[in-house]
Structures are given as C-alpha cells and as structure tokens.
Amino acid sequence: MTENTNTTTTRPVLVTGATGMTGRRVLSQLRERGVETRAASRSSAWAFDWSDPTTWDRVLRSAGAVYLVQNDLDPRTPEFVQRAVALGVDRIVQLSARGVDGPAYFEGGGEPPAHLLGERAVKASGLEWTILRPGWFSQNFGEGLLVDGVRAGVLRLPTADGATTWIDAEDIAAVAAAALTEPGHQGRTYELGGPRALTMAEAAAEISRALGRTLRYEPISEEEYAKGLVAEGWSEAAAGEMVVALSAIRRDLEAKVSTGVQEALGREPRDFSDYVARTFHAGWGRS
Ligand SMILES: NC(=O)c1ccc[n+]([C@@H]2O[C@H](COP(=O)([O-])OP(=O)(O)OC[C@H]3O[C@@H](n4cnc5c(N)ncnc54)[C@H](OP(=O)(O)O)[C@@H]3O)[C@@H](O)[C@H]2O)c1
C-alpha cells in the first residue's frame, strides 16, 4: 500500500461512474492506496444522477478530488465543474476519449464534442486538472459493448479490417489513481492505448483460444449495425453516435500506438493478451 501524503486527497476522492468499467477499478486502486473514497452513481452508495443537479452538491461537498465520468447521453460537465469549484474541490481527473480534438475523428457525432466541451470547462476551471483520453477499452469484450457478441460467438461490427490498440481499464484506473493522489500529473493530457494494435479478427482469435471455442468476427455495414442497435432498444441518436465512434476503428485511426501510460506511470501498458488471460476461460459466460 502506498501511503497517502497528498493534502488534496486527505479529503475524500469522489469517483463518478463508480459501477462502470473504469470507475470500479479507480475505486479499488484508490482504496489500495489508503485513500478515502466516495462511490457515486445512480446505484452506488453515494446516490448521484447527472440528470438531477439536486444530487450533485452532497457528493461534492468536502471532496478534495473528483474522477469525472460524464453521461454521454446527457453531458453536463461544465455545470458540474462550476459546482465543484464553488464547493472547494481542488482537483479533477476527467475521463475523455481519444481523438476528441481531431476534427475528422468523430465526424457527425455528438459524444466527442461533448467530451471536448467538458475538457474545456475542466481546463478553464482554475482547478488542478488531468485529462485522460483512452482509446477503446479491452474490457468492452468481457463487460461492455461487445460482451453479448462474445457470449453468442460472433462479433458483428462495422469496423472492416481496422485495428485498435486496446487499452486495459486497469491501466486507465492506474493513471487516474496516480493523477488523483500524486503531484506531477496536473495540466497533463494523457492519450492512453495498449502496446499493439489488433484487428477485431485478431482480438476474436485470441479470445477464442482462451474460451476454447470459436469467436468469429463478421464485418457488417454501418446501416445494418445501427438497425441492430435500434432493434435492441437503443435510441436512433445513441445508435448513430456508436456508429460514428466505431468508424474511427474502420478508418484505422485507432491503430496508432500512444504513450500516455508510459508518460504517467513510467511503465509499459498491459498487453491485450494479459486482459484475455485474466478474463476468459473455458466455460466463461455460461452462468
Ligand atoms: N468503452 C470504451 O471503449 C471507451 C473508450 C473511450 C472513452 N470512453 C468513455 O468512457 C466513459 C464511460 O466510462 P466507463 O466505461 O468507465 O463507464 P461505463 O462502464 O459505461 O458505466 C457508466 C457509469 O456511469 C453511471 N451512470 C450512467 N448514467 C448515469 C447518470 N444518469 N447519472 C450518474 N451516473 C450514471 C453508471 O452507474 P449507474 O448505472 O449506477 O448510474 C456507471 O457507473 C464515456 O464517457 C465514454 O465515452 C469509453
């Protein structure tokens, strides 16, 4: 356990998105460091709803630092940051996304500009800030967007032969925990990716070996993918945003290896094979 000597985090650290892929891991890594935490989301111990500002002050009051995970469907980072300033927060670590400042990266999408507006608000707040810009998370296969496809044995996606440097959410959380509790990360924007790019077919092949059964990748059109999401109950807008986000993979923009983990932590990021070995095994997903 690392002793917590930073004055910002002698006060509790508020972790929004506390049940999510990164928030859960940020919480556990902060607790390992001996940091007092507040787990906040609609279903967490600290009830917090982005769409209900009357829930914001209670979680922010007397917090020293905030891990900020926006709700992409209703992004309200600028207003939230104002309340954080008013209530005496010192530091914000914002989860953003790779490519948000690239003009052609998320062409036509609503979500990335919202991340960018959030980044601007955080940077203009006068607080200490760190921005995390991860690419696609490895955890999408086991607990996120792609988990149903992994269970069903086929990933049907509009990503053609594009490759991605899948980032392990444990590494995102490690960078977040460092930035929330240590000096030296303020005013930094970290682009976070894994050490090598894998296509969907290559990722599926690695997962297949761990599962002991075949996981296939089937490229489909963006139209067909969006229709499928809507049939599952997604709104047209949310389906459209996901298509735009995935188009960065199709256009090979996610294949670039980035160095944010090394810059922040002084070590290499975890490889995709590490995530696969920790997560998948024969019988996975049957219970
Ligand atoms: N997935 C990727 O590959 C990827 C890549 C780059 C960037 N990102 C960004 O990462 C962010 C998502 O982070 P994540 O993957 O760690 O989370 P996540 O797994 O998507 O989970 C979402 C979290 O937000 C909470 N939440 C949802 N609606 C809420 C609301 N109205 N009020 C308060 N909390 C709410 C959920 O908890 P409750 O249900 O309990 O409220 C949950 O803890 C997004 O901004 C996304 O753009 C994702």
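This is a predicted model: local features need pLDDT of at least 70, side-chain atom pairs count only at pLDDT 80 or more; totals for chains, interfaces and linings use all residues.
Leaving out neighbours within four places in sequence, His 185 is in contact with Trp 129, Thr 130, Ala 178, Ala 179, Tyr 190 and Ala 264.

Where along the chain does His 185 belong? His 185 sits in the loop that runs between helix 6 (169-181) and strand 9 (188-192). Its relative accessibility is 5%, and because buried means under 20%, His 185 counts as buried. Tyr 190, one of the contacts of His 185, also has a polar link to it: the side chains of His 185 and Tyr 190 are joined by a polar contact of 2.7 Å.

Now let us turn to the ligand. Which residues are the closest to the ligand? Out of 27 residues that surround the ligand, the closest are Thr 19, Thr 22, Ser 41, Ser 43 and Asp 72.

| Residue | Protein atom | Ligand atom | Distance |
|---|---|---|---|
| Thr 19 | polar side-chain atom | oxygen | 2.7 Å |
| Gly 20 | backbone N or O atom | oxygen | 3.0 Å |
| Ser 41 | side-chain N or O atom | oxygen | 2.6 Å |

How much of the ligand does the protein cover? On its own, the ligand has 910 Å² of accessible area, and the protein covers 82% of that. As for the space the ligand takes, that space is the largest pocket.

Definitions and conventions:
Residues are numbered from 1 along each chain as its sequence is written. Side-chain values use heavy atoms; hydrogens and water are left out. Helices (H or I, at least four residues) and strands (E, at least two) are DSSP runs, numbered from the N terminus. Buried means under 20% relative accessible area, exposed over 50%, partly exposed in between (1.4 Å probe, protein chains only). A polar contact is a pair of N or O atoms within 3.5 Å; within protein, one must be able to donate a hydrogen and the other to accept it, and residues adjacent in sequence count only if both atoms are side-chain atoms. Contact means heavy atoms within 4.5 Å. A residue is near a molecule or strand if one of its heavy atoms lies within 4 Å of it. Accessible areas come from the Shrake-Rupley method with a 1.4 Å probe; for residues, only the protein chains shown count as cover. On a 1 Å grid over the protein atoms alone, a cavity is a set of points where a 1.4 Å probe fits but cannot get out, and a pocket is an open set with protein on both sides within 12 Å along at least five of seven lines; lining residues have an atom within 4 Å of a point. A molecule sits in a cavity or pocket if more than half of its atoms lie within 2 Å of its grid points.
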